[in-house]
Amino acid sequence: AVPLMPEKRLVGNLSQSFIEERMAGLEMFMLLLLSNPYLRLDSTLKVFLTTKDTAGFDQAKRAAADDSGAH
């Protein structure tokens, strides 16, 4: 199962307490995500976590979509 991401806010999202709470929630989300052996080895997740720019990520998404359509 994929863990739920911590909640976002449209209003009040710049308060220090919310930022700290969200950061802690995102850290826990990542720890839970990476503790799942299936997800930890997923190539899409690896690309998402390691690609440094939007263009590279968009290219990886297109390659994954092309690859999945070939099967």
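**Contacts and a pocket**

Student: How many salt bridges does a search of the whole structure find?
Tutor: The search finds 1 salt bridge, a term for a side-chain nitrogen of Lys or Arg within 4 Å of a carboxyl oxygen of Asp or Glu. This is a predicted model, in which local features need pLDDT of at least 70, side-chain atom pairs count only at pLDDT 80 or more, and totals for chains, interfaces and linings use all residues. Residues are numbered from 1 along each chain as its sequence is written, and side-chain values use heavy atoms, with hydrogens and water left out.

Student: Which side chains meet in the salt bridge?
Tutor: Those of K61 and D58, at 3.7 Å from N to O. Side chains of opposite charge can pair when their charged atoms come close.

Student: Where are K61 and D58 placed in helix 4?
Tutor: They are 3 residues apart in helix 4 (residues 54–69), so about one helical turn separates them. Helices are DSSP runs of H or I with at least four residues, numbered from the N terminus.

Student: And how accessible are K61 and D58?
Tutor: K61 is partly exposed at 47% relative accessibility, and D58 is partly exposed with 28%. Buried means under 20% relative accessible area, exposed over 50%, and partly exposed in between, with a 1.4 Å probe and protein chains only.

Student: Changing topic, which residues line the largest pocket?
Tutor: The lining consists of S43, T44, V47, F57, A60, K61, A64 and D67. A pocket is an open set of points on a 1 Å grid over the protein atoms alone, where a 1.4 Å probe fits, with protein on both sides within 12 Å along at least five of seven lines; lining residues have an atom within 4 Å of a point.

Student: Which helix gives the largest share of that lining?
Tutor: Helix 4 does, with 5 residues. Helix 3 (43–50) and helix 4 each supply at least two residues.

Student: What is the relative accessibility of F57?
Tutor: F57 has 24%, which makes F57 partly exposed.
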